[in-house]
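Here is a short report for a reader new to this structure. Look over the sequence and the model, then read on.

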Amino acid sequence: MKDFIQNNALRKIIFIIFAVFCLTPWVSSPIALASGFVLVVLIGNPFEKHLHQYIHLLLQVSIVGLGFGLKLDEALQAGKSGFLLTVMSIITVMVLGYFLGRVFKLEKKLSYLISAGTAICGGSAIAAVSPIIRPDSKEISLGLAIIFTLNSIALFIYPAIGHMLDLSQEQFGLWCAVGIHDTSSVVGAAGKYGFEALKTATTVKLARALWIIPVSVITMFIFKNNESKIKIPWFIGWFVLAILLNTYFPVFERFSSSITSLAKSGLNLTLFFIGSTLSIQTLKTIGIKPLAMAVILWIVISIGSLLYIIF
C-alpha cells in the first residue's frame with residue numbers, strides 16, 4: 001500500500017486522522033497501539049524523525065494529569081503495598097540478568113540495558129543508564145526494540161489473564177506496575193482493566209521509576225565511570241504535586257474528572273505513537289539470544305510477582 005500512497009502530504013493527513021481517532025472514547029489502549037503499528041506497516045510513518053521526543057513529553061504530561069484523580073492517602077497506600085515487591089523484583093531481575101547475559105554470551109552493555117529496562121521502567125531506564133555505560137547506538141536500539149515489543153504483547157495479554165484469574169482492581173494494578181516494563185504500557189493495560197487498577201498501577205510504577213537514581217549510582221561503580229550525570233525523572237515531582245493539589249485544595253475536584261479523562265486520551269495517543277515506531281524492519285533486527293534473555297526475565301518477573309500478589 002505504501003507504493004500507492006507516495007504523496008507525503010496525504011500520508012500525514014491519514015496519520016493525523018488516525019491519531020485524532022485514538023483520542024476518542026471508542027479506542028482502547030491495545031487498539032491504539034495496534035493501530036499505530038498497522039498504519040506504519042501500510043503507509044509508513046511520515047513523522048518518524050520527530051515523534052520520539054513528543055512520545056516522552058506526552059507520556060509525562062498525561063501521567064501528571066492522572067495525579068489529579070488520586071488522593072494522598074490512596075497514593076501512600078498503593079506505594080506502601082508495592083514497596084517490598086518492587087525491591088525484590090529489581091534485585092531479582094538485575095542479578096538474574098547478569099547470569100543470563102553470561103549464559104547467552106551477550107555483550108555486557110547490551111545485557112545490562114535489557115536487565116535495567118526490565119527491572120525498572122523500560123525505555124526510561126535504558127535512556128537513564130545509557131549515558132553512564134556508553135553503549136553503541138545499535139545496542140541502545142536493540143534494547144529499546146526488545147523492551148517495546150514485549151510491552152506491546154503485555155498490553156494485550158495482561159488484562160486477559162487478569163480477568164481469567166479474577167484479580168481485583170488493586171491486585172491487577174500492582175501486577176501491571178511490577179510485571180510490565182514501560183510506564184506507557186503499564187497505564188494502558190491498567191486503564192483497560194479499570195480506574196482503580198489505573199490508580200494503583202500509576203502510583204506504584206512511578207515509585208518504582210525512582211529506583212533509576214540508586215541503580216544509576218551503582219551502574220557508575222560497575223562500569224567505573226565517575227564523569228556521567230544521573231538522569232532524574234523530574235516529572236514524578238509534578239505527579240506528586242497534582243496529588244497534593246487534588247487532596248488539599250477542593251477547587252481542583254471540579255476539574256479532576258475532566259483532567260483525568262484528557263490524561264487517559266493522551267495515554268492512548270502516546271501508545272498510538274509508540275505503535276507507529278515499531279516497524280517490521282525494526283523487529284527483524286532483534287536477535288534470538290537477546291530476545292531469549294529478555295523473555296526469560298519477563299516471564300520470571302511476571303509469574304513471580306503474580307504468585308506473590310495472589311498468595
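What share of contacts between residues at least 6 apart in sequence join residues at least 24 apart in the protein chain? The share is 84%, with contact meaning heavy atoms within 4.5 Å.

## Basis

This is a predicted model: local features need pLDDT of at least 70, side-chain atom pairs count only at pLDDT 80 or more, and totals for chains, interfaces and linings use all residues. Residues are numbered from 1 along each chain as its sequence is written, and side-chain values use heavy atoms, leaving out hydrogens and water.

## Overall fold

The protein chain has 15 helices and zero strands. These are DSSP runs numbered from the N terminus (helices H or I, at least four residues; strands E, at least two).

The C-alpha trace spans about 55 × 55 × 45 Å along its principal axes. Of the 311 residues, 52% are buried, meaning under 20% relative accessible area with a 1.4 Å probe, protein chains only.

## Helix α11

Helix α11 covers residues 212-222. Its buried residues are Ile212, Val215, Ser216, Thr219 and Met220. They line one face of the helix, because they fall within an arc of 150° seen down the axis of α11. That arc is taken from the directions from the helix axis to the C-beta atoms.

The cover over these buried residues includes α4 (72-103), α5 (108-119), α6 (123-133) and α10 (195-209). Lys224 follows α11, with a positive phi near 50°.

Conventions: Buried means under 20% relative accessible area, exposed over 50%, partly exposed in between (1.4 Å probe, protein chains only).
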